[in-house]
Amino acid sequence: MKKFSQLGIFGLTMAITILLILPSAQAVDFKISGQINRAVLWGDNGNDDDVKFVDNDNSSTRFRFTGENEFNENWNVGINWEVQMESNSSADEEIDIGEDNDVGGTSFTERKIEFYVKHKSLGKLSLGQGDTATNGTAEVDLSGTDVVNYSSIVDMDGGFSFRTGDDAVVAFVGDVYSNYDGLSRRDRIRYDTPTFFGFYGSTSYMNGQTYDFALRSAHEWENFGKLAAAFGYVPGNNQRDEYRQIDGSISFLHNSGLNLTFSHGRRDFDVRDSNDGKNYYGKLGYKFGKWALSVDYTYSENIDQDGDEAKSIGAAAVWNIWDSVQFYGSYRWHDLDRDNVSDIENLSAVMIGGRVKF
Amino acid sequence: MNYLHAILKRFFRICLVVTILVGCGAKAGEFKQTAGEMKEGPGVLTGEEGALVVYDSKQGGAFPQFRENKSEEGSKETSEKTGEASPAASDTPAESTQMAAGQTSAETQVSPEAAREFQEFQEWKKEQQAFREFQEWKKTSQGAAEYKEFLEWKEWKSYQEWKKQQGQ
C-alpha cells in the first residue's frame, strides 16, 4: 500500500512536470476527476434475507488522472490513469446473504494505466493497462439506467448465492451469468482506426499470445433517434484463453425517449470439450425529463456448468436530480436450473443508492 | 470451419447494416461507452468541467477554474461599486473583468462617461462572441432544417423590404 502511494506520488509529479514544461505544444491539459457510487443492497435467497452496504460494481468508486498534449494539428499524446477502490463490492462473494462481516483488505485496484499516441488520419495507438479492443462490445447501452442495470447483471448482486431448500450453496450469481464481454481490461497494446462514416475498428494484443478484434459504430437521425452498436471477436485457443468468443450489442434511443437494447455473447470451449456458453440480454427503456426507466430480461446457458439454465428479470429507475448526482433503484429476480440439482430457490435483490461525480 | 462460416455470416450482416444505414441518411455520431464507465458531465466540486483542471494551456495555465471564479467575483464587485446594472457581467471575458477589478482595487473615481464606455465595450465583446457563434453555426448547420428556415426568413425579410419600397 505504502509502495503504491509512493509510486503514485512519483508518477503524478512526473506527469505534471512533463506537461507543464512542454511549451512547444499547441495545447496541454491535465485533469483529475472521480466518482463515489454507494448503495444499500437487500437480498432474499429463499431461506434467509439480508441488507448489505455496498459499492455498486456496475460503476465502481474511483478516480483518475488524464492529460493530453496537442503537439500540432495532427498529433496528440495523452495519459490515462484510473484506479478504483471498492469497499464491499456488490459483486464480491464475501457479502453473501448471512455473512455478517465486511469484505476485508480494501485497496486500490488498477483499471487503466496507459499512454496513447493519436493521429488525426492514422488512428490511435495505446500501450499499457487498459481496455482491450473487445471490452465493452457486449455492453452498448443508451437507456440511461446502466448505472444500476445493464447486460452485466452480476455487477448488481453477483456476491449472492443460490441455495437449495436445505440452505446448501449451489452457485454464486456471479458464476452462472456472463455477458461474455470481450477480454475486459488487460496489459496490452491496442490500435483504433480513425472513424469512417461513424464506424471504427480496433485490435489489441496481450500477454499469453492472445488478441482480439472489434468494430463499433454510432449513428443518428435528426428527427428520429440514435443508434450505437459494437461487435467483438476473440480467436482465443491460445496459452491464456482456452476458448473462442464472439459478442455484440446494439442500442437504439428514439427521440421520444423510448429505447431498446440487445446483447448477445457466445463462448466456444473447443479445448475442454464442453457445451458452448451463451448469453442473451434484452432491455426496454424510457427516458423523460430527469428520469430513466427500464425493464430487462437475461437468459444464460452453460456458463458455469453444462446444462445450466439461468434466467433473470430486472427493473430499474434512475433519477438524475442534478447534473453531477443521480439516485437509482433496481429490483432483480433470478432463477437457476441445474442438472441433477432440484429444489433450487429463486433469488431476489433490491438495490437503492446514488452516484456522485466530484 | 463452421465457426469461420458463422463469423463470415456475421461480417456480411454487418456490411448489410452499413449499407442500410448509409442508405437511410444516417449521420455519423460519436461512440461513447457508458456502461461500467465513470459518469459523464459536471462534478459537485468541479462544476461544469467535471474535473479539477490542474493545467490547461487553452484556458490560460494552472487551475483556470479558480482564476475564473476570482474574476467573476471581481466583476460582480465592480458592478456593485459602480452602481450600474450589468446583467452580462458574469459572462464577460476575463480580460475585461480584470480591467474592472483593477480599477476597483485602485479605488479610482469612475466617471459616468467611463462607466458607459465600459458597458459599451462589454456589449461589443458580447456581440463579437455572438457573431462568432453565428459563423460557427452557419458552418456546421448547412442543410439542417433550422438553417433552411433561416434562409426562408431572410427571403421573407427582403420581400418585406421590397414591398415597403414599392409602397413609398
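Mentor: We will talk about the contact between two chains, then one residue, then the second chain. This is a predicted model, in which local features need pLDDT of at least 70 and side-chain atom pairs count only at pLDDT 80 or more, while totals for chains, interfaces and linings use all residues. Residues are numbered from 1 along each chain as its sequence is written, chains are lettered from A and ligands numbered from 1 in the order in which they are written, and side-chain values use heavy atoms, with hydrogens and water left out.

Trainee: How many residues of chain A are in contact with chain B?
Mentor: On chain A there are 57, and they are in contact with 40 residues of chain B, where contact means heavy atoms within 4.5 Å.

Trainee: And what area is buried between chain A and chain B?
Mentor: About 4,100 Å², with carbon and sulfur atoms giving 62%; buried area is the accessible area (1.4 Å probe) that two parts lose on being put together, summed over both. Of the area that chain A buries against chain B, 13% comes from A:Lys31, A:Trp221 and A:Lys357, more than from any other three residues.

Trainee: How many salt bridges does the rule find across that interface?
Mentor: Three, taking a salt bridge as a side-chain nitrogen of Lys or Arg within 4 Å of a carboxyl oxygen of Asp or Glu. In one salt bridge, the side chain of A:Lys112 meets that of B:Glu37 at 3.1 Å, N to O. Strand S1 (residues 27–44) of chain A gives the most to the side touching chain B, with nine residues; helices (H or I, at least four residues) and strands (E, at least two) are DSSP runs, numbered from the N terminus.

Trainee: Which strand of chain B does S1(A) pair with?
Mentor: S1(A) pairs with strand S2 (residues 52–56) of chain B, in the antiparallel sense over four bridges, given that two strands pair if DSSP finds at least two bridges between them. A:Ile32 stands opposite B:Leu52 there.

Trainee: Switching topic, is A:Ser330 buried or exposed?
Mentor: A:Ser330 is buried, at a relative accessible area of 4%, where buried means under 20%, exposed over 50% and partly exposed in between (1.4 Å probe, protein chains only). A:Ser330 belongs to strand S18 (residues 325–337) of chain A, and its contacts beyond four places in sequence include A:Met156 and A:Val350.

Trainee: Last one, what does chain B contain?
Mentor: Chain B has five helices and three strands, running α-β-β-β-α-α-α-α from the N terminus on.
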